[in-house]
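Hi,

Here is the structure I promised to pass along. Have a look at it first, and my notes follow below.

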Amino acid sequence: MPSIEEQNLTEFLAEVKLKMENITFSKQKDIQKINDFIFSSDGKYVRSKIIFLYGHRIGIEYQKLLELASTTELIHLSTLVHDDIIDEAPLRRGKPSVLKFSGIKKALLYGDYLYTKTFSCLNSLENKDIATVLINCAEKLIEGEFNQISAMTYKAPSLENYIKIIKAKTAVLFSGALQSIGIHAKFKDEDLNLLYKLGYEFGYAFQLNDDLIDFSNESVTGKVKYKDLSEGKFTYPLIAAFNDSTEEERKRIYQLIETKEYSQIVELIEKYNGFDATRIERDKSINNCIETTKNFIKLDSLDYVEQFLRDTLKA
C-alpha cells in the first residue's frame, strides 16, 4: 500500500497533468489532436516531483506549487518537442515522438504553441521575480541547445564543455524551479543560492544517469538503447574514455559511430572505465544534493527525500 507521502505526490502529479491539459486545450483540431496524443501517456514529471517534495516541506501554498509545476513542465515539454525535431527522433522513451506523430511542420508549430501557453502561465503566477527566473531558464535552454549542436555532434567535447552544456540544458530548469520555491518563501539570497546549487546538482546527476541509461536495455529503462550514440552525441562515459584513449583509438571511435558498431564502442568505454567514472561523478552530485537538502528539510522528512533522490537519480 502506498504511503501517505506517495499518495499526496501522486494526487499532486495528477492535478499538474490536468492543469496542463486545461492550459493547452485548443479548439483547433490539429493542436488538440496532438494534446490528446501527448497526455494519453504518463510522463515522468520529475520537475513537478521536486517542486512538490521541497515546496510542500518548506511550507509553500499548494496552489502556488501547482501553478509553478505546470508552468515548469510546459517549458520542459516545449523543449522536448523541439529537441526531437532537431534530432529527427522518431521515438521518445519508446513511443512515437510528436515529430513522428504529426510531421515536422505541425510538430514545429506545436512546440511554438506550447511556448505561448507558457507565457500565459507566467502571467498567472503573479510574481515578477519568479516569471523572470523561468524566462531566463527558457532562454538558457535554447542557448544550451545551440551550444550542444555546435560542440557535440560527431565530435568529442572536453568534459569541461560537456558539463557547461548540461548546466545550460538539463540543470537550469531544476535550478529555476527550486529558486522559485525560495522566492515564494521569501528566502534571503544565501538560501536562494543554495537552492540554485541543489537544482544544479540534481540536474547534473539526472543527466549523468541518463547518459548511463543510453547504454542500457530499452525494456528496463524505456529509453531506446544507443539513442545518443545514434545521433552522434558524445556523453560523459564516452568523453571520459575518449580522453584516455590513444590517437588511433579516437579515430576508431569516430569510425564506429559512423558505422553504428556501438558494442565495440562499449568495449572501449569499459577498457578506460568510462562508466565507472560517470557513476562516481553522478554519485558525488547525489551526495551533494542530500547535504544541501539538510538545510531545508526537517529530520523527520529527510529519509523520504533522500530515498527519492537516490531512486530518481540512479539507474
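To start with a backbone detail: which residue just after α6 takes a positive phi? That residue is Glu126, with a phi of about 55 degrees.

Before you read on, please note that this is a predicted model, in which local features need pLDDT of at least 70 and side-chain atom pairs count only at pLDDT 80 or more, while totals for chains, interfaces and linings use all residues. Residues are numbered from 1 along each chain as its sequence is written, and side-chain values use heavy atoms, with hydrogens and water left out.

**Helix α6**

Helices here are DSSP runs (H or I, at least four residues), numbered from the N terminus. Helix α6 covers residues 104-124, and its end C-alpha atoms are 31 Å apart. This agrees with the 30 Å that its 21 residues should span at 1.5 Å a residue (the expected span is 1.5 Å times one less than the number of residues). Several of its residues are buried, including Ala107, Tyr110, Tyr113 and Cys121 (buried means under 20% relative accessible area, with a 1.4 Å probe and protein chains only).

**Cysteines**

I searched the whole structure for disulfides (pairs of cysteine sulfur atoms within 2.5 Å) and found 0. For Cys121, the nearest cysteine sulfur is that of Cys137, 15 Å away. Cys121 has a relative accessible area of 4%, so this residue counts as buried. Cys289 is in no disulfide either, and its nearest cysteine sulfur, again from Cys137, is 16 Å away. Cys289 is buried too, at 0% relative accessibility.

**Nonpolar cores**

A nonpolar core is a set of buried Ala, Val, Leu, Ile, Met, Phe, Trp, Tyr and Cys residues joined through side-chain atoms within 4.5 Å. The largest one has 67 residues, of which Phe12, Tyr54, Tyr110, Phe202 and Leu309 touch the most other members. Helix α4 (residues 62-87) gives the most to this core, with 9 residues. Apart from it lies another core of 27 residues, among them Tyr236, Ile239, Leu268 and Tyr272.

Leaving out residues up to four places away in sequence, Leu309 is in contact (heavy atoms within 4.5 Å) with Tyr54, Phe202, Cys289, Ile290 and Thr293.

**Around Ala171**

Ala171 sits in helix α8 (residues 159-184) and is buried, at 0% relative accessibility.

Best wishes

Methods:
Buried < 20%, exposed > 50% of the residue type's maximum accessible area, 1.4 Å probe, protein only. Helix = DSSP H or I, 4+ residues; strand = E, 2+ residues; numbered from the N terminus.
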